[in-house]
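Hi,

Here is the structure I promised to pass on.

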Amino acid sequence: MDPNTQDENSYDYVFKIVIVGDSGVGKTNLLGRFVHDTFDLSSKSTIGLDLNIKNMKVKDKLVRVQLWDTAGQERYRSITKRYYRGSVGALLVYDITRHDTFEDIIRWLNEIRMNDAHPETVIMLVGNKSDLEQDQRAVSQDEAAKFAKDHGLMFMETSALDRSNVNDAFDTLIHQIFDKLSSRLTTLSDKQAMLMRGETIKLDHTPSSTTTATGSQNGCAC
């Protein structure tokens with residue numbers, strides 16, 4: 001059965017993933033391509049945040065993936081930083097034709113790690129707009145791959161326009177989160193395991209009653 005036809009309360013895990021990076025790097029179109037297989041040449045910059053949901057089947061488990069598209073503009077930073085809380089995955093997106101967006105990745109990375117993301121958050125560096133490689137590339141694959149290796153990140157280049165590697169990037173991140181975090185289920189108490197199932201992905205020892213690391217099942221995590 002298609003996981004997206006399942007009742008919203010039937011999933012096993014909730015993964016909160018944030019997509020961050022400078023304005024104009026293509027975060028919204030990456031999400032649109034992954035969630036709806038759409039691309040909008042006239043898409044405008046995200047104002048504040050936008051939430052997309054995708055239900056997936058990962059190793060016989062139903063996973064509800066909350067994908068938070070964050071605004072890249074400075075004026076929204078105080079808002080968007082609050083939404084890093086409880087995230088177990090992140091895509092750090094830059095534009096391969098704009099070196100300044102790559103230079104800003106270290107700032108985005110530090111923000112994620114300093115603003116209550118899960119301590120074992122899985123992070124992927126994504127160089128978007130690979131369709132423009134031939135004559136406009138400003139960031140080499142070698143430079144980006146070295147940065148990713150130095151900071152313990154996964155790395156992939158994508159094109160939301162021609163679909164290249166978009167599904168692979170999200171699927172790889174989600175499967176890596178599953179492999180890394182689900183293996184710790186055996187170390188949790190029975191109470192924590194109950195919280196994990198269908199309600200939270202929080203793995204520390206301070207669960208907060210029915211409030212989960214991703215907010216309520218249908219709410220936000222502000």
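Let's start with a charge on a ring: arginine 107 lies over the face of tryptophan 108, 4.8 Å from the ring centre. To count as "over a ring", NZ of Lys or CZ of Arg has to be within 6 Å of the ring centre and within 35 degrees of the ring normal.

Before you read on, this is a predicted model, so local features need pLDDT of at least 70 and side-chain atom pairs count only at pLDDT 80 or more, while totals for chains, interfaces and linings use all residues. Residues are numbered from 1 along each chain as its sequence is written, and side-chain values use heavy atoms, with hydrogens and water left out.

Trp108 is also one of the buried residues of helix α4 (residues 105-114), together with Ile105, Leu109, Glu111 and Ile112. Those residues cover an arc of only 160 degrees around the axis, so they sit on the same side of α4. The arc is taken from the directions from the helix axis to the C-beta atoms. "Buried" is under 20% relative accessible area, exposed is over 50%, and partly exposed is in between (1.4 Å probe, protein chains only). Helices (H or I, at least four residues) and strands (E, at least two) are DSSP runs, numbered from the N terminus.

Now the aromatics. Searching the whole structure gives five aromatic pairs. Phenylalanine 34 and phenylalanine 170 are stacked, because their ring centres are 4.3 Å apart and their planes at 10 degrees. A pair needs centres within 6.5 Å (Phe, Tyr, and the six-membered ring of Trp); planes under 30 degrees apart are stacked, over 60 edge-to-face, the rest tilted. Phenylalanine 34 is in helix α1 (residues 27-36) and phenylalanine 170 in helix α7 (residues 166-182), so the pair ties together parts 136 residues apart in sequence. Both are buried: phenylalanine 34 has a relative accessible area of 5%, phenylalanine 170 one of 1%. Phenylalanine 34 also has lysine 54 over its face, at 5.1 Å from the ring centre.

Finally, strand β1 (residues 13-20). Eight of its eight residues are buried, so β1 is largely enclosed by the rest of the structure. Tyr13, Phe15, Ile17 and Ile19 are on one side, with Val14, Lys16, Val18 and Val20 on the other. Tyr13 and Phe15 also form an aromatic cluster with Phe178. As for neighbours, β1 runs parallel to strand β3 (residues 61-70), joined by seven bridges, and to strand β4 (residues 89-95), joined by four. Strands pair if DSSP finds at least two bridges between them.

Cheers
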